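Visitor: Could you walk me through this protein, one question at a time?
Guide: Gladly; here it is.

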Amino acid sequence: MEPPVDDPQSKPAPRAAHVIVLGNEKGGSGKSTTAMHIIVALLKAGRRVASIDTDSRQGSLTRYIDNRKRWMRKSGVVLDVPEHFSVPLGDGQIVSDIEHREYNALARAIDEISATFDFVVVDTPAANSYLMKLSHSIADTLVTPLNDSFIDFDVLGRLDPDTLEVVETSHYAALVTDARHYRHTVDGVRPNWVVVRNRLSTLASRNQRDVIHGLRNLAEVLGFRLADGISERVIFRELFLLGLTVFDSLDRKTLGRAPSISHLAARREVRELIESLDLPGAAPRPAGTAGGADVSAIAAAPLVGAE
Ligand SMILES: Nc1ncnc2c1ncn2[C@@H]1O[C@H](COP(=O)(O)OP(=O)(O)OP(=O)(O)O)[C@@H](O)[C@H]1O
Ligand SMILES: [Mg+2]
């Protein structure tokens with residue numbers, strides 16, 4: 001990554017994309033589904049959006065986008081599609097070589113898109129890997145979807161079962177804390193961290209109340225914001241094969257049935273999540289200022305928390 005050439009007389013200041021990372025070390029919490037919804041919502045709002053899949057082994061986001069392109073060809077409907085990159089896992093025998101290749105691949109992708117897009121949405125694997133940690137350290141906004149269960153809660157912190165007070169914080173919380181601290185040390189950016197409960201039951205329960213209570217306590221300790229949750233809805237699972245989201249127009253032809261009130265509720269919930277992220281406006285922002293992750297500066301020093 002070359003440092004930007006400062007010649008304000010000859011050309012406008014380059015823009016630096018705001019990087020939104022979806023992360024949670026717990027698998028199946030909704031990272032890829034939420035990533036796709038954020039991408040499409042931002043595209044529909046007229047923002048220039050690129051996406052990066054750093055979970056190339058699973059490749060759910062990449063396939064989601066491929067499915068969208070296929071549906072577009074098949075249906076003839078024009079859809080908003082992001083400029084997409086998949087970062088391959090580095091191969092080799094020596095760990096430092098593998099990490100070097102992974103770093104280069106991510107830096108190349110960011111290099112290509114940072115100046116021409118408003119947002120980069122990065123989906124990450126659940127596995128604690130170099131690429132996963134590197135992705136966390138370039139986040140301007142980190143979104144952590146969390147299933148509404150104490151088993152999923154455990155990657156963030158442990159609670160006293162009687163008082164629901166935080167007894168200790170856990171491994172994923174430590175990884176995020178290190179990544180945020182590291183980012184602040186390198187370029188002064190304090191990334192936002194937003195936790196969103198996902199797959200909520202529509203029936204209120206004591207478990208739900210206790211999880212919220214515990215998360216509020218944990219939010220104070222770890223410094224994240226808690227967004228309103230997203231309910232468990234079949235529509236989120238159905239749309240993957242078509243590459244669609246609740247923000248696309250869903251009619252009888254696409255769904256095989258008329259859209260229901262549940263689709264509208266799903267759309268409202270995801271829209272409220274995106275509003276709660278407090279993302280920056282479309283105003284041009286010089287590269288290197290808050291909102292533009294410089295991967296080379298961030299990765300030049302060893303990653304805090306790396307084993
Ligand atoms: N709100 C929801 N309602 C119903 N199903 C959901 C919801 N959110 C996610 N799912 C489903 O849960 C499963 C896991 O979602 P997803 O793949 O997005 O999670 P992930 O965190 O990316 O998983 P991984 O850690 O394996 O990458 C998928 O089957 C998805 O369709
Ligand atoms: Mg995923």
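Visitor: What share of the residues in the protein is buried?
Guide: Keep in mind that this is a predicted model. Its secondary structure comes to 11 helices and nine strands. Of the 307 residues in the protein, the buried share is 41%.

Visitor: And how much of the contacts comes from residues 24 or more positions apart?
Guide: Here the count takes in contacts with a separation of 6 or more. Among those, residues 24 or more positions apart account for 77%.

Visitor: Which element gives the most to the shell around ligand 1?
Guide: There are 19 residues around ligand 1, and Gly27, Lys31, Ser32, Thr33 and Ala126 come nearest. Two elements give two or more residues to this shell: helix H8 (234–238) and helix H1 (31–44). With three residues, the one that gives the most is H1.

Visitor: Is strand E5 largely enclosed by the rest of the structure or exposed, and why?
Guide: Strand E5 spans residues 141–147. A residue counts as buried if 20 or more other C-beta atoms lie within 10 Å of its own. Six of the seven residues in E5 are buried, so the strand is largely enclosed.

Visitor: Which residue in E5 is the bridge partner of Ile20?
Guide: Strand E1 (residues 18–22) pairs with E5 in the parallel sense, over three bridges. Within E5, the partner of Ile20 is Thr141.

Visitor: Which residue of E8 is the bridge partner of Pro145?
Guide: E5 also pairs with strand E8 (residues 192–198), in the parallel sense and over seven bridges. In E8, the residue bridged to Pro145 is Val196.

Visitor: Is Asp53 buried or exposed?
Guide: Asp53 lies in strand E2, which covers residues 49–53. Leaving out residues up to four places away in sequence, Asp53 touches Gly59, Leu61, Thr62, Ser86, Val87 and Asp123. Because 27 other C-beta atoms lie within 10 Å, Asp53 is buried.

Visitor: What distance separates the C-alpha atoms of Asp53 and Pro125?
Guide: Along the chain, Asp53 and Pro125 are 72 residues apart.

Conventions
Residues are numbered from 1 along each chain as its sequence is written. Chains are lettered from A and ligands numbered from 1 in the order in which they are written. This is a predicted model: local features need pLDDT of at least 70, side-chain atom pairs count only at pLDDT 80 or more; totals for chains, interfaces and linings use all residues. Helices (H or I, at least four residues) and strands (E, at least two) are DSSP runs, numbered from the N terminus. A residue is buried if 20 or more other C-beta atoms lie within 10 Å of its own, exposed if 12 or fewer, and partly exposed in between; C-beta atoms are placed from the backbone. Two residues are in contact if their C-beta atoms, placed from the backbone, lie within 7 Å. A residue is near a molecule or strand if its C-beta atom, placed from the backbone, lies within 6 Å of it. Two strands pair if DSSP finds at least two bridges between them.
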